[in-house]
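Thanks for coming. I'll go through one model today, starting at the surface and then moving inside.

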Amino acid sequence: RLPYSQKRTGCYYSTIHLLGEAPPVPLAYRSSRASRSQLNFHFKRSTTHASACPTTQLKYQMKMALRTQQILTTIVPTALLCIFSLLQLAPAALAFVPDASSIIARGCPHTCTAVSRSPALSASSSPSTSTTTAPSLQTLADEINDRIDQLKPEFIKNCKVRVAPSPSSGHRLGLVATDKIGKDSVALSIPYDDQLVLTPDLASKNVLEGFLPEGYDGWTGDVGLLAMLLLNELARADEQGGDGGGGGGIALPKRKPECQALISSWIKVLPSPKEMSALHPLLWNEDVQEMLQGSSTRKIYRTLDDIEEDGTWLTERVWSADRTRFPETVTINGESRPCFTVDGF
């Protein structure tokens, strides 16, 4: 990171030559924003922290380049040979495979090729710890259905569905029809009301106004603002504090009691970090994220760096100054979860 006085936008590329040890290495850097005055060089993410010595990062990139060359010259031909051999055996192998459509209809998890179910993709450590027995999905569904009923017909005028556990294995909650729903008919209506809908404008112009600097523009953009709104609702729903206890979170936007009850119930039905650790790429372990980095046009390292930079900046400048409003952890469904921290963000 180097001092940078001019405000620019976009992504540029430059090169660095370190002590004549190697050819120049291309390093992507981004300009300063209104909230920061610095030039950020983004090295390839590794187990080494992004702010580590550039020489260490250079050695890491050289190592990865050699590994890539090895893969291209040895492993790839071997893999192609194996694939060709398997194709020769495919007709015989298919005789032992049951009909795929019948397996999918039964919701068998083994038919899903999504890597999210692989143990290799589990997070190295779970960010949440259980303190009591978590309520069942049916209990959570019944609670939020009661909250929805309380909003009829003032807020919710059309509702031909109910929240219920999914009959498919591996899924959580969904909407189940309670009435005949014709083509192009409305199944559920939610009004554009700040009491029920979370938006970036609600974050910057209402809930977080006065806490974030004027013109705040984080690397995560509107998604970061929505994330902070969600964390605020987590703090308000905290079973050890929140609106019903110690006053965690910012008591905005102002809501009618039945609206606040619905939002609190909605927070409870969201999957926990523990449930998401094998399902969401941002929570996968670094080895798997490294493979994803090389196999996608939308680089996950860029997203992870954006989250880490914004989360660190917000922790140092905003959240740590008032841990009553911005708690580090909250308790939801008897489970401790990270809140206004980098991990929570």
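Leu-175, Leu-188 and Ile-190 make up a nonpolar patch on the surface, with about 270 Å² of accessible area together. For a patch, residues need over 30% relative accessible area and no salt bridge, and nonpolar side chains are joined within 5 Å; areas are Shrake-Rupley with a 1.4 Å probe. A salt bridge here is a side-chain nitrogen of Lys or Arg within 4 Å of a carboxyl oxygen of Asp or Glu.

This is a predicted model: local features need pLDDT of at least 70, side-chain atom pairs need 80 or more, and totals for chains, interfaces and linings use all residues. Residues are numbered from 1 along each chain, and side-chain values use heavy atoms, without hydrogens or water.

Leu-188 sits in the loop between β7 (173-177) and α4; helices are DSSP runs of H or I, at least four residues, and strands are runs of E, at least two, numbered from the N terminus. At 33% relative accessible area, Leu-188 is partly exposed, where buried is under 20%, exposed over 50%, and partly exposed in between.

Now the inside. The largest nonpolar core has 27 residues, and Leu-212, Met-228, Leu-314, Trp-319 and Phe-345 have the most contacts inside it. A core joins buried Ala, Val, Leu, Ile, Met, Phe, Trp, Tyr and Cys through side-chain atoms within 4.5 Å. α5 gives the largest share, seven residues. A second, separate core of 12 residues includes Leu-140 and Val-163.

Phe-345 touches, among others, Met-228, Leu-314 and Trp-319, contact being heavy atoms within 4.5 Å.

Conventions: Buried means under 20% relative accessible area, exposed over 50%, partly exposed in between (1.4 Å probe, protein chains only). Patches are made of residues with over 30% relative accessible area and no salt bridge: like charges are joined within 9 Å, nonpolar side chains (Val, Leu, Ile, Met, Phe, Trp, Tyr) within 5 Å. Lists of a residue's contacts leave out its neighbours within four places in sequence.
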